[in-house]
Amino acid sequence: MSLPDKVIARTGRLRQRYDNEYRLVAGCVPYRLKKDEGNPCSLGDDPEQVEVLMISTPNRADMVFPKGGWEDDEDVYEAASREAMEEAGVKGIINRATLGHWVFKSKSSQNSSSPRGACKGYIFAMEVTEELESWPEQATHGRRWVSPGEAYQLCRYEWMREALTALLERLSMIEPVASAQELTDQSSMYMMLQASSDSAVALC
């Protein structure tokens, strides 16, 4: 019996989608729900009943959620699912209602008003249904399940905290907006410019 073909991560930007000069990016916040042992059918309203999956990158103590380029042979949901598989080794159910969209600006272009070099990212919630033992970017991305409180501390960028807040609000685990401020007080560490109610310009 032949072995199944090894899945290889996509590289390069030959098929990359753009919106004018913005590079389009898709990603997700992978999560799982822990059942109440006393009542397996109930999830309650405790944020600690949710765990989110974060990935590490070399030489960094903080962590990120999987995201990457949205290519021209896939829709945005397929792109987000592919990035989760390639970077975090998970598959699951994508909620097609976006958690929000953000504009990521590199440090070299933070003072520029031009979109050149910036990315426009669409982030979704993914309920994880399968964890792979090996995945394409395993050599550079480790993965770790963490509580929401720990995730707020580990998030590399402020937009990731906003996406996590949107997920918890959607799962009815926290009250809108205010509870996110109670969970973290680190926003001053990140340069952030509010662009609209569901988008922002941030350093990446």
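## Aromatic rings in a predicted model

Phe104 and Trp159 are both buried, where buried means under 20% relative accessible area, exposed over 50% and partly exposed in between (1.4 Å probe, protein chains only). This is a predicted model, in which local features need pLDDT of at least 70, side-chain atom pairs count only at pLDDT 80 or more, and totals for chains, interfaces and linings use all residues. Residues are numbered from 1 along each chain as its sequence is written, and side-chain values use heavy atoms, with hydrogens and water left out.

A pair of aromatic rings is described by the distance of the centres and the angle of the planes. Rings of Phe, Tyr and Trp (its six-membered ring) pair if their centres lie within 6.5 Å; planes under 30 degrees apart count as stacked, over 60 as edge-to-face and the rest as tilted. The structure holds four aromatic pairs, including the two below.

| Pair | Centre distance | Plane angle | Class |
|---|---|---|---|
| Trp70 and Tyr122 | 6.2 Å | 85 degrees | edge-to-face |
| Phe104 and Trp159 | 4.8 Å | 55 degrees | tilted |

Phe104 in strand 5 (residues 90-105) and Trp159 in helix 3 (residues 158-170) are 55 residues apart, and their pair links distant parts of the chain. Helices (H or I, at least four residues) and strands (E, at least two) are DSSP runs, numbered from the N terminus. Ring pairs join Trp102, Phe104 and Trp159 in a cluster.

In the other tabulated pair, Trp70 is buried at 15% relative accessibility, while Tyr122 is partly exposed at 23%.
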